[in-house]
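Hi,

Here is the structure I promised to pass on. Have a look at it first, and my notes follow below.

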Amino acid sequence: MTVVVQGDEGSPRLDRVLAQRLPELSRSRLKALILAGSVMVKDAPVRDPALHVAAGDTVGIVVPEAVPPEPKGEDIALDIIYEDDDLIVIDKPAGLVVHPAAGHESGTLVNALIAHCGASLSGIGGVRRPGIVHRLDKDTTGLMVVAKNDQAHQSLTAQFADHGRTGEMERGYMAFIWGVPNRQRGTIDAPIDRHPYAREKMAVREGGREAVTHWELTDVFQGRDGKPVASLLACRLETGRTHQIRVHLAHIGHPLLGDSVYGPHFKTKASHLGPDAQAALAALGRQALHAYLLAIEHPRTGEILHWEVPLPEDLLLLKRSLEGGAMTHPLGKALI
């Protein structure tokens with residue numbers, strides 16, 4: 001690749017000039033190429049990202065072909081909602097781990113995407129792999145977007161970091177919770193950090209990272225005695241911390257149905273449900289959380305893309321069972 005410095009890039013630094021002129025390559029990728037001696041100014045290799053260049057200088061960049069990823073592609077069925085040359089959106093099922101890790105070296109979403117996308121992955125940071133910009137817990141279902149190239153990865157990463165504060169990005173979840181909040185809608189603004197003792201858990205802790213969840217009550221469900229026992233919330237994220245919705249809802253005393261990590265003391269609540277709802281909850285075997293809404297700005301065209309997916313079968317069965325004694329809120333039918 002060849003770039004002729006125009007002098008209006010906003011900075012004379014080599015790395016910043018290239019970032020301005022080559023948005024398809026991330027800044028970290030460009031820095032790595034410079035340090036590796038793959039960038040030449042006036043036909044001489046340079047290794048200093050801060051080198052000053054001037055208008056008229058010719059910069060040559062040798063960009064190696066993306067190397068094969070370490071994880072192997074695996075033929076795993078995917079529910080694809082949208083796909084183009086830049087990104088892919090899937091409706092993730094329960095039980096599918098997003099990224100290979102200790103104990104889950106295979107059978108992950110990344111393995112499935114490597115096999116499905118093949119050569120259409122142009123490389124994230126020089127590696128032919130999908131760009132994961134956000135995650136869903138193994139047992140949380142719903143919408144996920146994944147980048148296919150560096151440019152899309154940079155754009156989506158920035159959108160998820162901003163979380164709709166200045167842009168159009170939205171993430172919406174359906175959350176079945178124990179109990180009923182005392183108002184129609186609210187905001188949980190409580191910092192989240194690693195739990196001080198149980199390292200696999202997160203917790204609301206002073207000094208943790210900012211975490212903000214907005215929620216709105218959509219349905220209230222009665223128990224076998226006719227009293228409200230559970231409800232359904234529509235949640236929107238303003239930040240994206242690990243286990244954020246699960247931690248926040250447990251923090252306000254309304255943990256998710258089926259959440260054995262953040263709501264273990266609520267197991268006895270199941271006895272207040274009707275027999276069908278008890279059976280549906282026992283069969284669920286996971287937290288009752290579904291990412292039903294996603295809106296982003298397309299990284300190349302700028303078009304606002306919006307998707308919604310219905311509840312998966314197990315949560316739909318739970319909802320119908322709970323509705324055996326439900327007081328249905330009028331907003332609920334518009335959201336489900």
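Before the rest, some ground rules. This is a predicted model, where local features need pLDDT of at least 70 and side-chain atom pairs count only at pLDDT 80 or more, while totals for chains, interfaces and linings use all residues. Residues are numbered from 1 along each chain as its sequence is written, and side-chain values use heavy atoms, with hydrogens and water left out. Helices (H or I, at least four residues) and strands (E, at least two) are DSSP runs, numbered from the N terminus.

Back to the helix pair. α1 covers residues 14–21 and α2 residues 27–35; they pack at an angle of about 130°, and their axes are 10 Å apart (axes are lines fitted to C-alpha atoms, for helices over the stretch in contact, with angles from 0 to 180 degrees between N-to-C directions). That angle makes α1 oblique to α2 (under 35 degrees is roughly parallel, over 145 roughly antiparallel, 65 to 115 roughly perpendicular, and the rest oblique). On the α1 side the contact (heavy atoms within 4.5 Å) is made by Leu14, Asp15, Leu18 and Ala19, and on the α2 side by Arg27, Leu30 and Ile34.

Next, the sheet. It is open, with four antiparallel strands in the order β1-β4-β2-β3 (two strands pair if DSSP finds at least two bridges between them). β1 (2–4) and β3 (44–46) are at the edges with a single partner strand each, so one side of each has no neighbour in the sheet. Direction ignored, neighbouring strands here are turned by 30° against each other on average. β1 is joined to β4 (residues 58–61) by three bridges, and Thr2 has Gly60 of β4 as its bridge partner.

Helix α3 (residues 109–117) is mostly covered, with seven of its nine residues buried (under 20% relative accessible area with a 1.4 Å probe, protein chains only; over 50% is exposed, and partly exposed lies in between). Those buried residues include Leu113, Ile114 and Cys117. Among the elements covering them are β5 (80–83), β6 (87–92), β7 (131–132) and β8 (141–147).

Lastly, Pro312 lies in the loop between β16 (304–308) and α7 (313–322). Leaving aside neighbours within four places in sequence, Pro312 contacts Thr141, Arg286 and His290.

Cheers
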